[in-house]
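Q: Please take a close look at a single part of this model. Describe it in one connected account, with the cut-offs behind the terms.
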Amino acid sequence: MIAARIRSMGSPHWLALYGVILLSWGALYLMALPADLRAAGAVYGAEFLASLCIVTPDAAGYLGLVAMWTIMSAAMMAPTALPAFAAYDDLSARAGGGFRWLVVGFLAVWLGFAVLAAALQMALFQLGYLSIFGDSQSLLLSGVLLALAGAYQFSALKDACLTQCRAPLAFFMSHWAEGPVRNGLRLGAVCLGCCWALMLLAFVGGVMNLAFMAVAMVLMALEKLPEIGRHITRPLGVVLIASGAACLGFGLIG
């Protein structure tokens, strides 16, 4: 069974999904290049690559931020949904179904998140709470975001969404008749319910901080695994609340 699963995940629709993920991470790497390397046209050549690296609010504008958050969401969230995609692929192989439309529906939800996150980043930047690189300039803001994310780890909504993500086969069987697009939208919605607060911690770790993105992606992926996730969610919440309290304390003292 494992060998059959590995073979099936080498089919064209899976390779296309892997390509989207790899291209997204490649774009994030280019966006995160320091200014001196961005200006080194001899390294990357095309003006397109140079313009792709302009992701600060003052230079890129709102639509540029939306594009950046869209790419970041695809790079970070698609890998966390791979077990769910595999479960749908197993079902669709027997009953017929559009894998690609499931992924489109999933990513559409995260496009909506990107629109809102970009607006929030622009607003916080204009108010002076974020630097041009998207990292918090306020211990109070950092503390609030960390405490919010930590508290959300203990919420009933987070638990309900994780329950759906950890049992993708039952999830899809319950809604199979709705078709791949609506199943993708549903999957994206429960994934968003699991991860939105952790994604907003990009404003603490830095919107273009690749190390933060990688660590956050791994944590969110592990949270969705049934045997591992239940040992991570609440301890992570404790760490986040403690970190938020420390930031708030130093911010109030300062």
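A: With a 1.4 Å probe and protein chains only, a residue is buried under 20% relative accessible area, exposed over 50% and partly exposed in between. Leu 148 therefore counts as partly exposed, at 39% relative accessibility. The model is predicted, so local features need pLDDT of at least 70 and side-chain atom pairs 80 or more, while totals for chains, interfaces and linings use all residues. Residues are numbered from 1 along each chain as its sequence is written, and side-chain values use heavy atoms, without hydrogens and water.

Leu 148 lies in helix H9 (helices are DSSP runs of H or I with at least four residues, strands runs of E with at least two, numbered from the N terminus). Its C-alpha is 8.2 Å from that of Gly 244, 96 residues away in sequence.

H9 spans residues 139-152 and packs on H16, residues 233-253, with axes 7 Å apart and an angle of about 160°. H9 is therefore roughly antiparallel to H16 (an angle over 145 degrees, on a scale from 0 to 180 between N-to-C directions, with axes fitted to C-alpha atoms over the stretch in contact).

The contact (heavy atoms within 4.5 Å) includes Leu 140, Val 144 and Ala 147 of H9, and Leu 240, Gly 244 and Phe 250 of H16. By class, 13 of its residues are nonpolar, seven polar and none charged (Ala, Val, Leu, Ile, Met, Phe, Trp, Tyr, Cys and Pro are nonpolar, Asp, Glu, Lys and Arg charged, the others, Gly among them, polar).

The protein has 16 helices and zero strands, and 44% of its 254 residues are buried. Of its contacts between residues at least 6 apart in sequence, 78% join residues at least 24 apart.

Notes. Angles under 35 degrees count as roughly parallel, over 145 as roughly antiparallel, 65 to 115 as roughly perpendicular and the rest as oblique.
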